[in-house]
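Subject: Structure handover and notes

Dear colleague,

I am passing on the structure we spoke about, together with my notes on it. Please read the notes with the sequence and the model open beside them.

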Amino acid sequence: INLKKKRKKNSFEQRFLNKQRNQKQKEMTTTLNFISTPETQQFLEIIKKNNQKIFLSYCWSDDDSTVKMVDEIENYFIQNQIGVVRDKTYLDPIGVELRPFMKQNAQNCLVITFVNDGYLKSDNCMYEARQAMKLGFNKIFPIVFQSIHKDEKIRKERNLFELNNRIDYSLFWQQKYEETDNKVNILQANKHNSTEERKIIDKELKKRRKAKEKCLEFIQFISKQTSIVTNQLDQKSLKKLILAISNYCQQEIKMKE
């Protein structure tokens with residue numbers, strides 16, 4: 001009887017493992033039907049010739065459709081033998097420090113930023129945006145997700161490029177900074193806080209201040225940049241992205257010759 005139970009248990013575990021394996025393979029092979037035409041293949045060859053790696057910057061808390069799009073872009077580049085650097089691919093998401101990862105791994109990368117409301121209100125995303133700006137604005141390739149609502153008034157209210165909305169994001173970080181600053185002042189008045197605790201608090205306040213200072217600059221950049229503005233990345237948008245990256249790589253190759 002025990003032997004039968006053991007075989008039954010092993011059989012169940014094997015089916016479970018096979019199901020996990022098949023699901024993982026399905027995830028890796030799923031695509032949004034991006035097709036590499038002879039023209040886009042030529043662009044991809046230029047990117048590979050430059051040994052170019054791509055860093056994907058996006059908000060972890062985004063809805064499934066946005067994260068799926070990041071997955072598809074990652075798979076597309078990998079399938080075409082182009083190196084991709086992505087936090088969730090390289091790191092265990094539990095207890096990991098994202099900022100050192102970005103600082104160490106983005107140095108020789110071009111950065112694709114998947115920008116939406118969640119991105120512009122995220123501490124980590126704004127850190128990645130600041131690091132990307134340090135690398136050079138010409139190394140940033142923004143994909144901006146915009147509303148395509150039929151109502152023009154609602155569409156305008158959700159447009160990231162509208163001046164009032166850009167100011168709202170700046171005010172958002174101003175408020176976050178002031179809230180943190182007020183709490184820091186309360187904690188600093190508490191003499192029981194250790195020196196180490198104060199250092200950590202000061203460090204966090206510094207991050208908020210930088211986000212406040214750089215948020216508007218980043219939005220102004222993507223509003224002037226030839227960004228891909230879309231609600232869903234399609235074949236046409238992908239071609240535009242590949243062409244932009246290819247043009248950068250072509251200039252790099254010429255400089256090295």
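This is a predicted model: local features need pLDDT of at least 70, side-chain atom pairs count only at pLDDT 80 or more; totals for chains, interfaces and linings use all residues.

Residues are numbered from 1 along each chain as its sequence is written, and side-chain values use heavy atoms, with hydrogens and water left out.

The chain as a whole

The secondary structure comes to 11 helices and five strands, where helices (H or I, at least four residues) and strands (E, at least two) are DSSP runs numbered from the N terminus. Of the 257 residues in the chain, 39% are buried; buried means under 20% relative accessible area, exposed over 50%, and partly exposed in between (1.4 Å probe, protein chains only). The accessible surface comes to about 16100 Å², of which carbon and sulfur atoms hold 50%; such areas come from the Shrake-Rupley method with a 1.4 Å probe, and for residues only the protein chains shown count as cover. Taking the contacts (heavy atoms within 4.5 Å) between residues at least 6 apart in sequence, 79% join residues at least 24 apart.

The nonpolar cores

A nonpolar core is here a set of buried Ala, Val, Leu, Ile, Met, Phe, Trp, Tyr and Cys residues joined through side-chain atoms within 4.5 Å. The largest such core has 30 residues, and Ile 73, Phe 77, Ile 112, Phe 114 and Ile 245 touch the most other members. Two or more residues of this core come from each of helix H2 (38-49), E1, helix H3 (64-79), E3, E4 and helix H11 (235-256), and H11 gives the most, with seven residues. Apart from this core lies another, of 28 residues, among them Ala 106, Cys 109, Tyr 127 and Ile 140.

Phe 77, which is buried at a relative accessible area of 0%, is in contact with Ile 54, Ile 82, Val 84, Ile 112, Ile 242 and Ile 245, leaving aside its neighbours within four places in sequence. Ile 245 lies in helix H11 and counts as buried at 0% relative accessibility; not counting residues up to four places away in sequence, Ile 245 touches Ile 47, Ile 54, Phe 77, Leu 110, Ile 112 and Phe 141. The C-alpha atoms of Ile 245 and Phe 141 are separated by 7.8 Å, although these residues are 104 apart along the chain.

Aromatic rings and charges

Rings of Phe, Tyr and Trp (its six-membered ring) pair if their centres lie within 6.5 Å, and planes under 30 degrees apart count as stacked, over 60 as edge-to-face and the rest as tilted. By this rule there are five aromatic pairs. One of them is the edge-to-face pair of Tyr 76 and Phe 77, at 6.1 Å centre to centre with 65° between the planes; Tyr 76 counts as buried at 5% relative accessibility. The rings of Phe 114 and Phe 145 have centres 6.4 Å apart and planes at 15°, so this pair is stacked. Because Phe 114 lies in strand E3 (residues 109-115) and Phe 145 in strand E4 (residues 140-145), the pair ties together parts that are 31 residues apart in sequence. Phe 114 is buried at 0% relative accessibility, and Phe 145 is buried at 12%.

A charge sits over a ring if NZ of Lys or CZ of Arg is within 6 Å of the ring centre and within 35 degrees of the ring normal. The charged end of Lys 121 sits in this way over the ring of Phe 172, 5.4 Å from its centre, and that of Lys 212 over the ring of Tyr 177, 5.2 Å from its centre.

Ser 57 is in strand E1 (residues 53-57) and is buried, with a relative accessible area of 0%. The side chain of Ser 57 makes a polar contact with the side chain of Glu 128 (2.5 Å); a polar contact is a pair of N or O atoms within 3.5 Å, where within protein one must be able to donate a hydrogen and the other to accept it, and residues adjacent in sequence count only if both atoms are side-chain atoms.

Most residues other than glycine have a negative phi. Asn 51, however, has a positive phi of about 50°; Asn 51 is placed in the loop between H2 and E1 and is exposed, with a relative accessible area of 68%. Gln 81 likewise has a positive phi, of about 60°, and is found in the loop between H3 and strand E2 (83-85), exposed at a relative accessible area of 58%.

With best regards
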